Amino acid sequence: MKNPFIKRGIIIWTIVCVISGVLLYAEQIRRQFWERDREFTALFSELSAVLTQNESVLPLLNGDEDIVSLRKKFPQLLTLEKTTGRALDAPRVEPAHEVQYWLYNPWRQIRVLVDLGPILTAHHPFTHLGIRFMPNGDEQVSDAFWHWQRTFPQHTQPFTLEADSQPNWFGINGVIYPLLFIGWGIVIALASVVLWQRKARKDAEQRAIYYQHARLNTLGEITAGIVHEINQPLTAAQTWIQGAQRQLQQDNGQAVSQALAAALTQMQRISALLTRFREHVVQEKVILRETDLVHCWLQVVNLLEHERRAEHITVSHAFAPGATTVLADRLWLEQVLHNLLSNAIQAQQLDAAGWVKIESQKTESGVLITVTDGGPGFSQEALRHAFMPFYSGREVGIGLGMTLTESLMTRMNGSITLGNAPQGGAQIRLQLAQGKEATNG
């Protein structure tokens, strides 16, 4: 797998693990809260049932009952006493302790001491748990992380149950985290493999398209060169045959004249056929459209990534605003840039660290594209003959790359100029127009 995919996968895995780890931690803390909340609700229901018992039992007592027998059914009742002279509108409740209170029945002049301590002390998950016997209607402010308070609905015992608790920050299940991280790693690794395979397949298909396109264009250039080379001797032969014909006509050499005329006719026919073949190959009509220069360049850089990395070539760009779209054929423009970048890479094979830079700027006639490299540059001979078919500055070169490049630029109504940068290295300028759409034959 390529390094960018590995680095990107590690970054994504780290981000996903951090986010999922935080969410998992928050979920476990949230579950602690809901567990405490359920315990508080259960305790409130239990106390509410006890208070309801108190309100139901007290009107039935007359003060002479045996408290021991009474506690067997109602263990919260500690003492049963008679009172005298208690006003009917006197408070029905008087606190006796933090968890104990007197509950009065002024009509029967009795009171009972109620103890809620056993119920409260049986619940230990809270840092604070208590009952406020004299509610003032305001909610109490607590410094605890979690706080609950709820008022009982009983008319004579409108108490408020309060509880505080703190999260157990370290009481979480740590075993699940390695499993979570490993699972994410497997998922991201599989996804990265799939994406890499798709990209590799797409790159391979794109390379095949470029190489096929290059072969077809190269075939056209070779054919055009052959036609051009054959036309020259054919034209000379035609001239000599015509002169010979005139000379022979003066001598009345009828038989020779007919033979030369037939030869001339055949030569003209061959020339016409070859010319038509050349026109068919190189004069195909093409529609020029607005083309994204940046996208084309990035596509070419991606296609030559293996060669660029193998030769340690650094590629940079500086596209000026307003100079990123040109009027061109996308495949042809990519083929031109492909040839230029490939040549720059091959020219710097002996350098430890080469570089290639592409720049664009807007001009009066369109967009000027400049490709500069850190190689040895063009020799004077190369500057004179680089666009000639079959000329190559390398021993293994065919000599059609720059010829093809010039031909494609010409057919896109553009131009190409070769030169050397002041600081050294080759510098190639491409001039293309801007516009919407045009047809070039």
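**Strands and helices in a predicted model**

User: In this predicted model, in which sense do strand β11 and strand β12 pair?

Analyst: Strand β11 covers residues 354–363 and strand β12 covers residues 366–373. Strands of a sheet pair through backbone hydrogen bonds, either parallel or antiparallel. Eight bridges join β11 and β12, and the sense of their pairing is antiparallel.

User: Which strands are the edge strands of the open sheet of five strands?

Analyst: The order in this sheet is β9-β11-β12-β14-β13, and the pairing is mixed. An edge strand pairs on one side only. The edge strands are therefore β9 (313–319) and β13 (415–420).

User: Which strands of the sheet does α8 touch?

Analyst: Helix α8 packs on the sheet, and its direction makes about 175° with that of β14 (426–432). The strands touched by α8 are β9, β11, β12 and β14.

User: Is α6 parallel or oblique to α8?

Analyst: The axes of α6 (residues 293–303) and α8 (residues 330–347) come within 9 Å and cross at roughly 50°. An angle under 35 degrees would count as roughly parallel, and 65 to 115 as roughly perpendicular. The crossing angle of roughly 50° therefore makes α6, relative to α8, oblique.

User: How do the residues of the contact of α6 with α8 divide into nonpolar, polar and charged?

Analyst: Residues of the contact include W297 and V300 of α6 and R330 and L333 of α8. The division is eight nonpolar, three polar and two charged.

User: Is P4 exposed or partly exposed?

Analyst: P4 lies in helix α1 (residues 3–57). Its relative accessible area is 29%. Buried means under 20% and exposed means over 50%, so P4 is partly exposed.

Definitions and conventions:
Residues numbered from 1 in each chain as written. Predicted model: local features only at pLDDT ≥ 70, side-chain atom pairs only at ≥ 80, totals over all residues. Heavy atoms only, no water. Axes fitted to C-alpha atoms, helices over the stretch in contact; angles between N-to-C directions. Helix = DSSP H or I, 4+ residues; strand = E, 2+ residues; numbered from the N terminus. Parallel < 35°, antiparallel > 145°, perpendicular 65-115°, else oblique. Contact = heavy atoms within 4.5 Å. Nonpolar A, V, L, I, M, F, W, Y, C, P; charged D, E, K, R; others polar. Buried < 20%, exposed > 50% of the residue type's maximum accessible area, 1.4 Å probe, protein only. Pairing = 2+ DSSP bridges.
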